[in-house]
Amino acid sequence: MGMTIVQKILARAAGRSSVAIGDVVEPRVDLAMSHENAALVINQFHEIYKGTGLEPHLWDPDRIAIIFDHRVPAESSKTATNQKKIRDFVAKHGIGRFHDLRGDEGGICHQILPESGYVLPGRVVVGTDSHTTSHGALGAFAFGVGATEMAAVWALGRVLNVEVPDTIKVVVDGTLPATVLPKDLILHLIGRISAEGANFKVIEFHGDTIERMSTSGRLTLCNMSVEAGATSGIVPPDAETVRYLREEAGVSDEVDLTGPDAGASYSETIEINAADLAPQLACPHTVDHVKPVVDVAGRKVDQIVIGSCTNGRLDDLEVAAGIVKGKRLAKHVRMLVFPASWRIYKEAMRLGYLSELIDAGAVVMNPGCGCCLGVHQGALGDGEVALSTTNRNFKGRMGNPNSEVYLCSPAVAAASALTGVITDPRG
Amino acid sequence: MGTVVLKLGNDISTDHIYPGRFMATVLPSETPQFCFADMTEFNARLRNKAVPPGSVIVAGQNFGCGSSREQAASTLKGHDLIVVAPGFARIFLQNAINLGLRTVICPEIEASEGDELEIGADSVTNVTSGKRFASQPLPKARQAIVDAGGLIPYARKLVVEQAS
Ligand code: SF4
């Protein structure tokens, strides 16, 4: 019986020649990522050693990455103190891949990992963040874990008790129509299979649409796979993966392009014709409440958000800037732009995208999670409506349970910013 | 025997259980105060200790979807609540097991607020309605963590073995 790509990765990481679906394995970890929640990981890590008489010891400080992104600059003294504790821990233990709030190295964890060349095909990546699924875009098996589970990884270097997941094969063929973007594709898929349609499973993406898609678009797909409940999303690595790693991530190491076996077995196969897709919206208050934009067009919006680990990359900013260039946002709208990293911020500045957005009336914020998770910056007022390129619209997600969040592509967001109502970017 | 103190629908996310704006609070000793913070009445009952330990939340499909925040499990564990649902999201279920929060997968569960539930090894009995519903045992690998008393003691044993 052939193996899926994740079966192959898990077999290698567990030192076995093969694994079957449902087997319990303890894969060695290639990269363990945390953000501000490292404060809890550190606490649990020390708990593990309590009463043992042993000095707490990290299995491999060079394989641990910590990125400050969720609340930067700190919104409260509590966060600032947690961040200080993490910095002290990083210094004491010599953690190699630490990205503080800095213009020369900072940004959102799911952007920093790929652009820094930390993620390679075939590797096992765990992160204390559910959108760790993003890194499947580079052919890694990447999944989210809780803080205590991460503490055990820090101590032991392997993930305990991982069940080899079943895989759903999604085949996308054809050409996406103009202004229909990877975000529309993944929203369509989530709407089709539901928020739990891929629970405990991996989504493997195939088809000529995916083969032609940039790594940025693939990151959007894998990022949101978790919104269908998936353990991870993954794209078999190919020439585009190598291009990205060489040209954008500065990786010179040999790249393993192992894909799934031709005879791999899947729990189901879903086929999508890209040419049939139209701009999509996830309506309040669940990500699988998906409708074509035309069905909701005309709904008044108060705040537009462009950014996050889902759609805060250069091509997303290019799309948005292209739409608003030389125009002005509707009078009642405020538009917040959060580039996913400082590298992207600088590139967008150099290419003129930021001034085009600002001239139209947008406010460009510092790279980070910003208002995506309702912790600080950009909270909504009672009864307000936001249109956002982020990945979650749960009640209260943007800091106010009495507000509504619609999710969409950067093209829909920018077109709607000009009119002040939900607008189909195809005109 | 535990009383159903809260009945919820499908897709209850971790933002719902533990809103993001309280995420700077991380310690399991401090998270219980923000449990279901946006459901102000229920949260007040929890904080006033009006909900006895061992009380039950009955939820719908996909409980705990969304963010990996472990606070969503520790905040429920802090009040010694039990969650019975037809299905749980993966990371939440793992966090619950790791922290010793009791979760019961019960596909057909029917219960209303105020009902008394008897939770057995392979079934849940609604004592009030007199109906019995099969529940699914945990996979062996997860049961081992529960038996050890949670992931901290489980990992502690492995760390000690590794060092010797
Ligand atoms: S941008 Fe939003 S979804 Fe992405 S890591 Fe930050 S909080 Fe999470």
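Before you start: residues are numbered from 1 along each chain as its sequence is written, and chains are lettered from A in the order in which they are written. Because the model is predicted, local features need pLDDT of at least 70 and side-chain atom pairs count only at pLDDT 80 or more, while totals for chains, interfaces and linings use all residues; side-chain values use heavy atoms, with hydrogens and water left out.

**Stop 1: the interface**

Colour chain A and chain B separately. On the chain A side, 48 residues are in contact with 44 residues of chain B (contact means heavy atoms within 4.5 Å). About 3800 Å² is buried between chain A and chain B, 59% of it on carbon and sulfur atoms. Buried area here is the accessible area, taken with a 1.4 Å probe, that two parts lose on being put together, summed over both. Now select A:L40, A:N161 and A:F200: in chain A these lose the most area to chain B, together 14% of what that side buries.

Next, look for charged pairs. The rule finds three salt bridges across the interface of chain A and chain B (a side-chain nitrogen of Lys or Arg within 4 Å of a carboxyl oxygen of Asp or Glu). Select B:R142 and A:E163 to see a salt bridge between their side chains, 3.3 Å from N to O.

Which elements of chain A give two or more residues to the side that touches chain B? They are α2 (38–49), α3 (77–93), β6 (141–144) and α5 (147–156). Helices (H or I, at least four residues) and strands (E, at least two) are DSSP runs, numbered from the N terminus.

**Stop 2**

Select α5 of chain A and helix α6 (residues 151–163) of chain B. They pack at an angle of about 0°, with their axes 10 Å apart. Axes are lines fitted to C-alpha atoms, for helices over the stretch in contact, and angles run from 0 to 180 degrees between N-to-C directions. Angles under 35 degrees count as roughly parallel, so α5(A) is roughly parallel to α6(B). From α5(A), show A:T148, A:E149, A:A152, A:A155 and A:L156; from α6(B), the residues making the contact include B:L151, B:I152 and B:A155.

**Stop 3: loops of chain A**

Go to A:P73, in the loop between β3 (64–67) and α3 of chain A. The peptide bond from A:V72 to A:P73 is cis, with omega near -20°. Then select A:H285, in the loop between β12 (280–282) and β13 (290–292) of chain A. A cis peptide bond joins A:P284 to A:H285, with omega about -5°.

Move on to A:D238, in the loop between β10 (232–234) and α9 (239–248) of chain A. The A:D238 side chain reaches the backbone nitrogen of A:E240 at 3.1 Å.

**Stop 4: loops of chain B**

Finish at B:D11, between β1 (2–7) and α1 (14–17) of chain B. Phi of B:D11 is near 55°, a positive value in a residue other than glycine.

Notes:
Parallel < 35°, antiparallel > 145°, perpendicular 65-115°, else oblique. Polar contact = N/O pair within 3.5 Å; in protein donor to acceptor, adjacent residues only side chain to side chain.
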